[in-house]
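Hello,

I am handing over the structure we spoke about. Please open it below and read the notes that follow with the model in view.

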Amino acid sequence: MFFKSFLKDGTLPKSRPAVKKVSEFINNKSHKQKKYISLMLVPSYSGGKTRSLRIPRGVFHGVLACMLVISAVVAGFYLRSNYHMRAAHDSRVERDELAENFAEFQNEAENIQSDLIDAVIQVYERYSEVQQSTQNRIDSQRVEHQSALEILWEQFEEFEEMLRELEEAQRAAIEGLRHRAEIIPPIADILNQMEESREAIVAAAPLPATPLAQPVAASVGFMSFGGQPQLTEEELQARIDGLMHEINLQGLLLSNLSSYRQRMDGYLRNYPTLWPVAREISSGFGWRRNPMGGGGSEHHNGVDIPAPRGTAIMAAGGGTVTFVGWRNGYGNTIVINHGGGITTKYAHNSYNRVAVGQVVERGHIIGDVGTTGRTTGPHVHFEVLINDVPVDPIAFMHER
């Protein structure tokens, strides 16, 4: 702050006068002026108005004291902050050193632990090797004996399973043949011959005395099967020999069954046991009154089965078609040869669906019901002939 001399109008003089002492502006004898401090505000540009500001000395001293106190407080906070910052920095450095030392200690501890584990494993493996070697030397003969008996036991179980399968296969086959024999007489004759043959085979090779159906339990060395008394190798081998004998016997019986089954195949496939149409019979086999009127009677060589026109006609059994065409009185006719001297005839058809030489199976659709030929309404005329001699079809019609 500095003071300048002004003209009476408040402007600066053109020539800069000498600076007067401050005491010239203050009346030292004035007691009132001693209570204030005057501050003059001089603008830095020309033409500005100079102003004077009086501040009480007490206020000035108080403001100055406050500024000093604030400066001291700020300085104290600043110094304390620097102290705490340095302390925090030192703490971080110490923490990082501790973390590094802990990591090194942890790594060292893990290495020591890994070495200890490896050492324990090596000791355990060595101990196991020694123990196993000792056990092998002590029990070598017993283990060999056990292995031999276990192999025999496995063979015994396999043979027993094979025997059950053979017996089940034969039982199922024979039951099925007995069912067919009830409706196919030639099969019944062949089945009786087969049973006599089976009895002869069994008589020629009697079953062993050892009961094969009884479960076997074995204990071998320090191991046991079923918790039963010990079974020696000789006893188990004898039982397996008995099973082998039974399996061979069942094999002979199955071969015998297969050969007789081949003799039955033709009858099973071709024997005419199926109704050509699943309807009721209107006229049976034998003598009857003339259905066309005019009196008298005639012999009916088959059976008539009425059905709506166009109903499918099925082959009563498998065979070969030997005739397809028109016959007087029969109209559209189909004849099938089933072998063994047996043929079937289907007449009055509206449409024939097979050709001569065609091989058909039981149930194959061969034509449609109609009214062709000598007939009073739509029906199928069905005949069964043995060596060209008509027989009653009812004896063959067992399956619808």
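Which residues of α2 are buried? Before the answer, one caution: this is a predicted model. The buried residues of α2 are Pro186, Ile187, Ile190, Leu191, Met194, Ser197, Arg198 and Ile201. They lie on the same side of α2, because the arc they cover around the axis is only 125 degrees. Glu196, Glu199 and Ala203, on the other side of α2, are exposed.

As for the helix itself, α2 runs over residues 185-204, which makes 20 residues. From its first C-alpha to its last, α2 reaches 29 Å, close to the 28 Å expected at 1.5 Å a residue.

Next, the salt bridges. A search of the whole structure finds 15 of them. A few are described here.

One of them involves α2. Arg178 forms a salt bridge with Glu195, and the closest N and O atoms are 3.1 Å apart. This pair links distant parts of the chain: Arg178 belongs to helix α1 (residues 57-181) and Glu195 to helix α2, 17 residues apart. Are the two partners buried, partly exposed or exposed? Arg178 is partly exposed, with a relative accessible area of 38%. Glu195 also counts as partly exposed, at 26% relative accessibility.

Another salt bridge joins Arg400 and Glu280, with 3.6 Å between the closest N and O atoms. Here too the pair links distant parts of the chain, the two residues being 120 residues apart. Arg400 sits in the segment after β15 (389-391), while Glu280 sits in the loop between α3 (233-270) and β5 (286-289). Exposed means over 50% relative accessible area. Arg400, at 55% relative accessibility, therefore counts as exposed, and so does Glu280, at 56%.

The side chains of Arg288 and Glu298 meet in a salt bridge, at 3.3 Å from N to O. Arg288 is in strand β5 and Glu298 is in strand β6 (residues 297-300), 10 residues apart, and this pair also links distant parts of the chain.

Which residues are linked with Arg288 and Glu298 in a network of salt bridges? Asp304 and Arg374 are, so that the network holds Arg288, Glu298, Asp304 and Arg374.

Regards

Technical notes. Residues numbered from 1 in each chain as written. Predicted model: local features only at pLDDT ≥ 70, side-chain atom pairs only at ≥ 80, totals over all residues. Heavy atoms only, no water. Helix = DSSP H or I, 4+ residues; strand = E, 2+ residues; numbered from the N terminus. Expected span 1.5 Å × (residues − 1). Buried < 20%, exposed > 50% of the residue type's maximum accessible area, 1.4 Å probe, protein only. Arc of directions from axis to C-beta. Salt bridge = Lys/Arg side-chain N within 4 Å of Asp/Glu carboxyl O.
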